[in-house]
Amino acid sequence: MSLVSLPLLQQFLLVLAALVLFTSFVLLSQARLVSAIHAFAWQGGLVAAVTGVVAVAGSSGHLYFSALLTLVLKAALIPWMLHRLIRRLELERHVESLRWPAIVNMVAVILVIFSYWLVLPMVQQELAFTRNIVAISLAVVLIGLWMMVVRQQAVAQVLGFMSMENGLFLAAVSATAGMPLVVELGVAFDVLVAMVLFGVFFFQIRQSIDSLDVDRLNRLTETVDEEADLEFSAAPRRPHTVTARPAAVEEAE
Amino acid sequence: MDHLLNAAAPVAAVLQAMLYAAAAPLLVGWIRKVKARLQNRRGPSVLQPYRDLRKLLAKEVRVAHTASPLFRAAPYIVFAATWLAAATVPLLAVNLPTAALADIIVLVGLLALARFFLALAGMDVGTAFGGMGASREMLVSALAEPAMLMAVFTLAMTAHSTNLAGVIDFQLSNEFALRPSFMFALGGLVLVALAETGRIPVDNPATHLELTMIHEAMLLEYSGRHLALMEWAAQIKLLLYGTLIANVFFPWGIAQSFAAGALGMGIAAVAAKLLLLGAALAIGETVLAKMRLFRAPAFLNLALLLALLGLLSHVILEVGA
């Protein structure tokens, strides 16, 4: 068993990476929006911790800066913005439970296995001690994508998107000891701008369809919507209307 | 010396089994005491469970006239199976003669046997509560067992053995390593233990409220020494899970030889670990509220997920490293 031969710091790194994967699962199956935002903040904090530990273990100076940047941005600023957003949208008590939680979780587990299988040839190349984390980060990306598929609520989908970004960042840190600082700053700025734009979009979506349930975007034309509404309201009263119709016809005559 | 060892080993094994039966009520008393203190009550003495057992053992047995012989036999089978299961879990020392039996899958099987007879006895008299309790117990255990086995497999894959003594030996003989897989397996096993021993998020051991009880519902028809045996078995089961968690994940201090000093050290270490664990359980039970029964599957799904993540993180992070 070669895990024992690794220094304690690198073992700690593996524990942190495993916890990042766990927060991904928490995020996926969290029904309450506020708790999901907290889980996302934890994930950001853990990714920042991984970056910090890689910086200490590999002694690469600019990683300290990107750890700090991640901590401020992903664990504090973006969760705070999301919090403010859902308070203004009055979604604090919003609960959206998954329809088949066990199946959703099992698919996520399959995604983890798939990403491990995908990364296997790379692991055998013996690149760096962090190479095992690449599989984890790929799994985090895929689970974020899966979250965007299974969730109907726009804010939850944004959380999935942001956790995909977390996974990509983790992959960059673990595979190549971090991107150049310019790229990192650019990505951080992009994420921030995306967050602001998402906020604007939320308000737009809610203004046009009165809800943030993205599934309702399928029924955009008003006629279809009205028909659906008519069918809905008419369905229980149908026998009534059938008997009433001859009378109405007579009256018209 | 070798001769002495051979003579001491069976004595230690018997001592350990006796200690399980003797210390189980004490752990329950300790948990109740801590819980009472946390609720600003003085609470009964730590020895109260012993007094309850003595009182029940002295009382007359009343059996419903619809009961079959199985109803009379079940307490003895449940108690024996649980006690045997407990005797396989190393409490004071590893490498006991019972270690050959101490396979984790055997342990799960023995506990399943006890549960099977408990559920049968619950349904035997034909009262509504007995059947309801039995069906709930089976719901919980059907979901808890895969999670427990998955957690156990995580340990087995790391230690290359499904033997409990083997796992503990592996932990002690290797240098300390932070293992993400053990962390997740520990989480999963704690959740399973809470569900299986009927503690608060799943079942409330202190209530006789008919709509919520699981374990108590099956025992409603029992009285006298039958009830004493059933309750004693439940207490031993709690001690068993506590020891399993304490000794498999934190084995430091357990005796590896049968010298008196090492055994004394083993007793002190396991007592300290169990006191801590009991206090943690009491705090958890004070902080948490009991879940609705239909939330229990979600709770156990989390246990299964944790155990699965343990298995996966072993494969992904630890084997390749």
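**Entry 1**

The model is a predicted one, in which local features need pLDDT of at least 70, side-chain atom pairs count only at pLDDT 80 or more, and totals for chains, interfaces and linings use all residues. Residues are numbered from 1 along each chain as its sequence is written, while chains are lettered from A and ligands numbered from 1 in the order in which they are written.

I then checked the length of H5(B), residues 128–159. Its 32 residues reach 46 Å from the first C-alpha to the last, close to the 46 Å expected at 1.5 Å a residue; the expected span is 1.5 Å times one less than the number of residues. Helices (H or I, at least four residues) and strands (E, at least two) are DSSP runs, numbered from the N terminus. After H5(B) comes His160(B), with a positive phi near 55°.

**Entry 2: helix H4(B)**

I applied the length check to H4(B), residues 104–124. Its end C-alpha atoms are 30 Å apart, which agrees with the 30 Å that 21 residues should span at 1.5 Å a residue. Gly126(B) follows H4(B), and its phi is positive, near 90°.

Which residues of H4(B) are buried? I list Ile104(B), Leu107(B), Leu110(B), Leu111(B), Ala114(B), Arg115(B), Leu118(B), Ala119(B), Ala121(B), Gly122(B) and Asp124(B). A residue is buried if 20 or more other C-beta atoms lie within 10 Å of its own, exposed if 12 or fewer, and partly exposed in between, with C-beta atoms placed from the backbone. I note that an α-helix has 3.6 residues a turn, so residues three or four places apart point the same way. The cover over the buried residues of H4(B) includes H3 (69–88), H5, H6 (164–173), H8 (215–219) and H9 (224–249) of chain B.

**Entry 3: chain B as a whole**

I counted 11 helices and zero strands in chain B. Its radius of gyration is 20 Å, close to the 20 Å that the globule rule gives for 321 residues, so chain B is as compact as a globular protein of that length. The radius is taken over C-alpha atoms, and the rule is 2.2 Å times the number of residues to the power 0.38. Along the principal axes, the C-alpha atoms fill a box of roughly 60 × 45 × 45 Å. Of the 321 residues of chain B, 48% count as buried.

**Entry 4: where chain B touches chain A**

I find 20 residues of chain B in contact with 24 residues of chain A, contact meaning C-beta atoms, placed from the backbone, within 7 Å. On the chain B side, H7 (180–196) and H11 (296–319) each supply at least two residues. H11(B) gives the most, with 11 residues. By class, this side has 13 nonpolar, four polar and three charged residues. Nonpolar here covers Ala, Val, Leu, Ile, Met, Phe, Trp, Tyr, Cys and Pro; charged covers Asp, Glu, Lys and Arg; the others, Gly among them, are polar.

For chain A I recorded nine helices and zero strands, with 34% of its 253 residues counted as buried.

**Entry 5: confidence**

I noted a mean pLDDT of 89 for chain B, with 97% of its residues at 70 or more; pLDDT is the predictor's confidence in each residue, from 0 to 100. Within chain B, confidence is lowest in H1 (residues 2–38), at a mean of 85, and highest in H2 (residues 48–58), at 95. The predictor gives the complex an ipTM of 0.86 and a pTM of 0.86.

Definitions and conventions:
Two residues are in contact if their C-beta atoms, placed from the backbone, lie within 7 Å.
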